[in-house]
Amino acid sequence: MPPEILTKRLRLDDLTADDAHALFTYRSHPEVTRFQGWCPAAVEDAGAFIARNATKPFNEHDSWYQLAIRAADTGALIGDFGVHFIGDDGQQAEIGFTIDPASQRQGLGSEAVTAVLDHLFTTLRKHRVYASVDPRNEASMALLKKVGMRQEAHFRESLFWKGEWVDDVVFALLRSEWRA
């Protein structure tokens, strides 16, 4: 079972079939698709993604799991949060997050990232968590810095992405640095 992670304004839990329309709506928005690898072409694609996600256990090595980010007061889906559990030893995770443009610039992304980092370090006892971001995604870069992640690398034109060579910036944090 995936965790239910609660914050003052958010609830992170499992995506459900009822989330397909909202997931499709913000994941197909041009501001979002620019930096996302997965962009559904139809509501049915979002539904299939949710169905596949439901078959995976949370915290399974070498797998991605997508959590819903919901408004705590209404339960409305306002984003999603991916956790990639790295390797066989289970000591590292990669994170990625998407917030509906209508819910951006309210601090909800940093609230979600902080809550998931706390769960990964405190409950699951991960050693290291990292995120990979296109440096043109200035909002995500600022968010990762705000929550205490440090930039470890800037790889120049290291990914061929959507028809062009792009840079990749890696941010990371160790459990020993969390809340230090």
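This is a predicted model: local features need pLDDT of at least 70, side-chain atom pairs count only at pLDDT 80 or more; totals for chains, interfaces and linings use all residues.
Residues are numbered from 1 along each chain as its sequence is written, and side-chain values use heavy atoms, without hydrogens and water.

Q: What makes up the protein chain in terms of helices and strands?
A: The protein chain has five helices and eight strands, where helices (H or I, at least four residues) and strands (E, at least two) are DSSP runs, numbered from the N terminus. Their order from the N terminus is β-β-α-α-α-β-β-β-α-β-α-β-β.

Q: Why is the protein chain called as compact as a globular protein of its length?
A: The globule rule is 2.2 Å times the number of residues to the power 0.38, and the radius of gyration is taken over C-alpha atoms. For 180 residues the rule gives 16 Å, and the radius of gyration of the protein chain is 16 Å, so the chain is as compact as a globular protein of that length.

Q: Which residues make the contact of α1 with α3?
A: The axes of α1 (residues 20–27) and α3 (residues 43–54) come within 8 Å and cross at roughly 115°. With contact meaning heavy atoms within 4.5 Å, Ala-20, His-21, Leu-23 and Phe-24 of α1 meet Val-43, Ala-46, Gly-47, Phe-49 and Ile-50 of α3.

Notes:
Axes are lines fitted to C-alpha atoms, for helices over the stretch in contact, and angles run from 0 to 180 degrees between N-to-C directions.
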